[in-house]
Amino acid sequence: MEKTLVIDGKNITFKCTGGTLYRYKQQFGRELMEDAAELIDFAASGKKKKIKIDGVSRVIDDYDFKKLNLELVYNLAWVMAKTADTSIPDPQAWLDSFDTFPIGDIIPTLIDMLEKSLVVNKKNA
């Protein structure tokens, strides 16, 4: 699965394949599926909350940010970008190439890609 987002004015393509898990383990020494479970747990913590801004009622997503591991998000974003484009530099240099990196816009895409790309086929499980 592949998706392109505009981040800091640049088209960044994220790709998730079977090799993504291997690349993640090689780069970070951790299992992607274990770390992804943390991210999915954070996403599941979101609750709708009604607030008033300037007298206008709005509904927002309210997350338990104690469950958000930013290093995991950065690592996951990098490995999916690296899977799409092997020429990108190491994680630190890649992240430093952005003036802004809108985590809130990126997380839903990463979670969606993980869920769709790494699904266990229940018929064969």
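This briefing describes a helix pair and a nonpolar core in one structure. The model is predicted, so that local features need pLDDT of at least 70 and side-chain atom pairs count only at pLDDT 80 or more, while totals for chains, interfaces and linings use all residues. Residues are numbered from 1 along each chain as its sequence is written, and side-chain values use heavy atoms, with hydrogens and water left out.

**Helices H2 and H5**

- Helix H2 (residues 32-44) and helix H5 (residues 103-117) have axes that come within 11 Å and cross at roughly 125 degrees, where helices are DSSP runs (H or I) of at least four residues, numbered from the N terminus, and axes are lines fitted to C-alpha atoms over the stretch in contact, with angles from 0 to 180 degrees between N-to-C directions.
- The contact (heavy atoms within 4.5 Å) is made by Leu32, Ala36, Leu39, Ile40, Phe42 and Ala43 of H2 together with Ile107, Ile111 and Leu114 of H5.

**The largest nonpolar core**

- The largest nonpolar core has 29 residues, and those with the most contacts inside it are Phe14, Met80 and Trp94; such a core is a set of buried Ala, Val, Leu, Ile, Met, Phe, Trp, Tyr and Cys residues joined through side-chain atoms within 4.5 Å.
- Helix H3 (70-84) gives the most to this core, with 8 residues.

- Trp94 lies in helix H4 (residues 91-96) and is buried (under 20% relative accessible area, with a 1.4 Å probe and protein chains only), at a relative accessible area of 4%.
- Leaving aside residues up to four places away in sequence, Trp94 touches residues including Ile12, Phe14 and Trp78, whereas Met80 touches residues including Phe14, Leu110 and Leu114.

Conventions: Helices (H or I, at least four residues) and strands (E, at least two) are DSSP runs, numbered from the N terminus. Buried means under 20% relative accessible area, exposed over 50%, partly exposed in between (1.4 Å probe, protein chains only).
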